[in-house]
Amino acid sequence: MTNAAQSQLAGKTALIFGGTSGIGLEAAIQAKRQGAKVIVVGLGKASAAKVAEEHGFDGWRAADVTDSSALEDALKDIPTVDHLVLLAGTFVAGKVRDAEVTYLRRAFDERIWAAVTVIRALGDRLSTDGSITLISGNLADRPNAYGTAVLAAASAAMEAFARGLALELAPVRVNTLSPGPTDTPILHKALGDAREGFVEGLKKTLPLHRLGTPAEAGAGVVFLMTNGFMNGATLNLDGGARLV
Ligand SMILES: NC(=O)c1ccc[n+]([C@@H]2O[C@H](COP(=O)([O-])OP(=O)(O)OC[C@H]3O[C@@H](n4cnc5c(N)ncnc54)[C@H](OP(=O)(O)O)[C@@H]3O)[C@@H](O)[C@H]2O)c1
């Protein structure tokens with residue numbers, strides 16, 4: 001932790017969607033350590049309350065980001081936000097000709113439309129000298145044939161959305177973190193027991209032969225929050241996964 005980063009986050013409010021697990025939880029822990037007041041948002045009420053208590057966060061909310069009225073309700077009494085982090089999402093995987101369209105739509109609902117709803121709901125409560133961090137993923141650049149085409153499209157859309165927002169909301173800085181495969185609960189939630197075989201196969205293809213850690217990805221989020229000249233950018237944090 002640098003003094004510069006510490007002083008930049010000291011007393012600032014960070015509202016972190018997806019802050020109850022994985023990359024978002026690590027970003028929340030690191031932002032808190034650097035002096036931010038952290039409010040985490042997750043899907044599950046019990047888990048959000050438990051995580052917030054365990055880590056001494058300054059608040060929590062539970063809302064389904066695909067339900068715009070629940071989301072607006074959850075944000076009604078949120079104070080001014082300096083750093084908004086939008087990482088909520090699931091591993092939406094299904095082939096275009098096989099999966100239910102309502103399921104595939106979730107990839108965009110959890111990302112683009114959730115971000116639109118949150119930004120509109122916060123309105124003037126988003127500080128003009130703050131930041132917004134969105135989430136993408138290396139699928140945006142390196143799609144595969146295993147049913148991730150819609151998720152890849154939603155991820156790429158987040159990067160384009162961030163660049164447009166950086167102009168529309170200026171001087172609020174808007175960036176996207178694009179992680180490669182990162183060792184969080186997301187794949188277990190999606191694949192269950194099949195996760196282990198999938199991950200072992202995946203590791204063999206990666207230049208570093210390992211997944212990223214949530215702490216490495218969380219540090220990327222904090223970097224985007226605290227570096228005052230990062231704007232309209234996508235930070236690829238993938239251990240070189242895009243190279244293969
Ligand atoms: N891990 C990777 O390899 C990887 C790679 C590229 C991109 N990403 C992206 O990074 C983001 C975070 O992923 P992660 O790996 O940290 O996953 P994770 O550990 O499963 O965390 C997901 C977070 O999103 C929340 N969430 C999920 N669906 C939600 C909904 N409908 N409404 C509100 N909150 C919801 C979860 O809340 P609960 O805890 O209550 O469920 C949790 O806080 C995701 O958007 C993912 O697509 C991840």
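User: What makes a set of residues a nonpolar core?

Analyst: A nonpolar core is a set of buried Ala, Val, Leu, Ile, Met, Phe, Trp, Tyr and Cys residues joined through C-beta atoms within 7 Å. In this predicted model, the largest nonpolar core has 60 residues. I16, A28, A31, V38, V40, V85 and L86 have the most contacts inside it. Helix α7 (residues 149–168) supplies the largest share of this core, 8 residues.

User: How do you know what A28 touches?

Analyst: Contact requires C-beta atoms within 7 Å. Leaving out residues up to four places away in sequence, A28 touches I16, G19, V38, V40, H55 and F57.

User: Why are β3 and β7 called edge strands?

Analyst: The 7 strands form an open sheet, ordered β3-β2-β1-β4-β5-β6-β7, with parallel pairing. β3 (59–62) and β7 (234–237) each pair on one side only, so they are the edge strands.

User: What makes β5 and β6 a pair?

Analyst: Two strands pair if DSSP finds at least two bridges between them. Strand β5 (residues 126–135) and strand β6 (residues 173–179) are joined by 5 bridges, so they count as paired. The two run parallel. R173 in β6 is the bridge partner of S131.

User: Which strands does α2 touch, and at what direction to β1?

Analyst: α2 packs on the sheet and touches β1 (13–17), β2 (37–42), β4 (81–86) and β6. Its direction makes about 170° with that of β1.

User: Which residues come nearest to the ligand?

Analyst: Of the 27 residues around the ligand, these are G22, G42, G89, G137 and T184. α2 gives the most to this shell, with 3 residues. By class, the shell has 10 nonpolar, 14 polar and 3 charged residues.

Technical notes
Residues are numbered from 1 along each chain as its sequence is written. This is a predicted model: local features need pLDDT of at least 70, side-chain atom pairs count only at pLDDT 80 or more; totals for chains, interfaces and linings use all residues. A residue is near a molecule or strand if its C-beta atom, placed from the backbone, lies within 6 Å of it. Helices (H or I, at least four residues) and strands (E, at least two) are DSSP runs, numbered from the N terminus. Ala, Val, Leu, Ile, Met, Phe, Trp, Tyr, Cys and Pro count as nonpolar, Asp, Glu, Lys and Arg as charged, and the others, Gly among them, as polar. A residue is buried if 20 or more other C-beta atoms lie within 10 Å of its own, exposed if 12 or fewer, and partly exposed in between; C-beta atoms are placed from the backbone. Two residues are in contact if their C-beta atoms, placed from the backbone, lie within 7 Å. Axes are lines fitted to C-alpha atoms, for helices over the stretch in contact, and angles run from 0 to 180 degrees between N-to-C directions.
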